[in-house]
Amino acid sequence: MTLGPVQLLVVSFPEPNFSGQIIAELNRLRQADLVRLVDALAVQKNSDGTLVALQWSDLSIEEAEDLGATVGALIGLGLGDADSVAAGAEAGRAAGSDGHLIDDAEMWDVADSIEEGSAAVLALIEHLWAAPLRDAIVEAGGIPVSDSWVHPMDLVEIGLAASLER
């Protein structure tokens, strides 16, 4: 399974107003083969403290197991020996056996971190559109050094920092 660049997106909803627009846009991007949802976990804590959680993925169980094995092997590689690579791959394959890469226990971590009446979403999004660009960069001998998103508030912070330097 070839994997394009994957982004971990974490979104907080202090006062959720879900009406289907996020799912509709995600479906549009998926149908256009621009993104694939590797895994997502949404947690909403109602005003009475009860939890509603939903997890979904575009991966089949086999794909989740294969991707889990790859992720586990890479983590094992960081530990520095062949035994760690094999053990990491095995653990990763087992972790993906339910079709998800975000662990079920993560729901409780998210629930503990949000207020009543709010929600949060963790999503692993594969950017399919970026894979050919990444491959062209590698083929040309390029080595990615950084790949950060620039948000509007980042620009505001740059302006604030520049105003303080005057």
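Tutor: A polar contact is a pair of N or O atoms within 3.5 Å; within protein, one must be able to donate a hydrogen and the other to accept it, and residues adjacent in sequence count only if both atoms are side-chain atoms. This is a predicted model: local features need pLDDT of at least 70, side-chain atom pairs pLDDT 80 or more, while totals for chains, interfaces and linings use all residues. Residues are numbered from 1 along each chain as its sequence is written, and side-chain values use heavy atoms, without hydrogens or water.

Student: What separates the C-alpha atoms of Asn-27 and Leu-37?

Tutor: Along the chain, Asn-27 and Leu-37 are 10 residues apart. Between their C-alpha atoms the separation is 9.7 Å.

Student: Which residue's backbone oxygen lies 2.5 Å from a polar atom of the Ser-118 side chain?

Tutor: Setting aside neighbours within four places in sequence, Ser-118 is in contact (heavy atoms within 4.5 Å) with Phe-13, Pro-14, Pro-16, Val-43, Gln-44 and Lys-45. The 2.5 Å approach involves the side chain of Ser-118 and a backbone oxygen. That oxygen belongs to Glu-115.

Student: How far from Ser-118 is Ser-57, taking C-alpha atoms?

Tutor: In sequence, Ser-118 and Ser-57 are 61 residues apart. Their C-alpha atoms are separated by 23 Å.

Student: What angle lies between the planes of Phe-13 and Phe-18?

Tutor: The whole structure holds one aromatic pair (Phe, Tyr or six-membered Trp ring centres within 6.5 Å; planes under 30 degrees apart are stacked, over 60 edge-to-face, the rest tilted). Phe-13 and Phe-18 form that pair, 4.9 Å centre to centre and edge-to-face. The angle is 70°.

Student: What is the relative accessible area of Phe-18?

Tutor: Phe-13 is buried at 17%. Phe-18 is partly exposed, and its relative accessible area is 42%.

How values were computed. Buried means under 20% relative accessible area, exposed over 50%, partly exposed in between (1.4 Å probe, protein chains only).
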